[in-house]
Amino acid sequence: MTAFLTGTRGYVIRKIGWSLGTMLFVVVFNFFLFRLLPGDPIGLYSRGRNMAPEQLIKLRAELNRPIGAQFLEYLSNPFASTINSVRFNRPVWELVAERVWPTVLLVGTAILIASVAGVWLGIRSGWRRGGTFDRVTTGVTNTLYAMPEFWVGMVLLIALPFFPSGGISTPGVTGFLDTVLDTAWHMVLPVTALAIVYLAEYTSIMRASLVDELRQDYLQLARAKGLREDLVRRRHAVPNALLPTMTLIFLNLGFVIGGAITVETVYSWPGLGLLSYEALRGPDIPLLQAVFLLFSIGVVVFTLLADLLYAVLDPRVSTQ
């Protein structure tokens, strides 16, 4: 028991250490990447804005400071920005904060629906592999997985024109219940477009994991002890087969912060994906820098959570 706890503690410390190191690299890379772009930095940061001469002088003085001093100031608080967005002329982190929750709502709902349905379909398909249900499910999921998200979104716009085609709400709608129902109505198409792709991925991974588990000797031993097939499946096969799928779900949660750029653009969903697209069109360098940093940290954090969850579900991992 002591050896197990020691191994688990070491595993957690190693994973946290690697994550902190990755975050430091991301912060450093994010700082220097946008300062190595060709061209006049003043032009990049002021493109499309009517700036007063004194504002340009202040901006030039800020960017002309020694690179070491700028880096140390940035490293002390990467989430502080004295430079506004070029396109919106507002602080970049204020814009990002406004767009986080629409993206979390959209992509989080899609992942929740897709994970529940995908795990169920994968279990049923993999347990009776080779049957009619398995063949149909595998064919459909492989087809859906090959479809780009933006293409699925445009097909749904054409096939289901009675749903809202864009935005998160209808102007003029008031009241809590009416607002909730209106937002849910606007979510139908973008959530469906995202859930279709995630569903195909989760179903395929769950089926493959379960089929692999069915080859293991311990299931034969469980049957030899007299356990019914449903108990063999529920208590032994499915929990072990869930490990890769749960890890994949947590890894995909890292992209909740980033959002689905193409789907949010197709449906004009006011989240981080649409904000990224608008920043790229500029290009809006300060906003791109903030969005890139947020996306990267989100992926690192949820990757760490996936590693720790895997150790909880399979303690053998932490002892290796």
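1. Basis. The model is predicted, so local features need pLDDT of at least 70 and side-chain atom pairs count only at pLDDT 80 or more, while totals for chains, interfaces and linings use all residues. Residues are numbered from 1 along each chain as its sequence is written, and side-chain values use heavy atoms, with hydrogens and water left out.

2. Annotated spans. The unreviewed UniProt entry marks "transmembrane region" at residues 16-37, 100-123, 144-163, 183-200, 241-267 and 287-313. UniProt positions follow the numbering used here, feature names are shortened, and annotations may be inferred rather than shown by experiment. Two of these spans can be set against the model. Residues 100-123 are 100% helix and 0% strand, with end C-alpha atoms 33 Å apart. Residues 183-200 are also 100% helix and 0% strand, and there the end C-alpha atoms lie 26 Å apart. Helices (H or I, at least four residues) and strands (E, at least two) are DSSP runs, numbered from the N terminus.

3. Main core. A nonpolar core is a set of buried Ala, Val, Leu, Ile, Met, Phe, Trp, Tyr and Cys residues joined through side-chain atoms within 4.5 Å. Buried means under 20% relative accessible area, exposed over 50%, and partly exposed in between (1.4 Å probe, protein chains only). The largest core has 23 residues, and Leu194, Tyr198 and Tyr202 touch the most other members. Helices α5, α7 (149-159), α8 and α10 (229-258) each supply at least two residues. The top contributor is α8, with 9 residues.

4. Tyr202 and the second core. Contact means heavy atoms within 4.5 Å. Beyond its neighbours within four places in sequence, Tyr202 is in contact with residues including Ile111, Gly118, Leu248 and Asn252. A second, separate core holds 22 residues, among them Phe31, Val100, Leu272 and Val291.

5. Salt bridges across the chain. The count is 5 salt bridges, each a side-chain nitrogen of Lys or Arg within 4 Å of a carboxyl oxygen of Asp or Glu. Arg99 pairs with Glu278, the closest N and O atoms being 3.5 Å apart. Arg99 lies in helix α5 (residues 92-127) and Glu278 in helix α12, so this pair ties together parts that are 179 residues apart in sequence. Both Arg99 and Glu278 are buried. Arg207 bridges to Asp134, with the closest N and O atoms 2.6 Å apart. That pair links helix α8 (residues 176-213) to helix α6 (residues 132-145), 73 residues apart. Arg207 counts as partly exposed because its relative accessibility is 24%. Asp134, at 4%, counts as buried.

6. A salt-bridge network. Arg90, Glu94 and Glu98 are linked in a network of salt bridges. Glu98 and Arg90 meet at 2.5 Å, N to O.

7. Surface patch. Phe150, Trp151, Met154 and Val155 form a nonpolar patch on the surface, with about 360 Å² of accessible area together. Patches are made of residues with over 30% relative accessible area and no salt bridge: like charges are joined within 9 Å, nonpolar side chains (Val, Leu, Ile, Met, Phe, Trp, Tyr) within 5 Å. Accessible areas come from the Shrake-Rupley method with a 1.4 Å probe; for residues, only the protein chains shown count as cover. Val155 is found in helix α7 and is partly exposed at 35%.

8. Loop residue to check. Most residues other than glycine have a negative phi. Ser268 has a positive phi of about 50° although it is not a glycine. Ser268 is found in the loop between α11 (261-266) and α12 (272-281), and is partly exposed at 41% relative accessibility.
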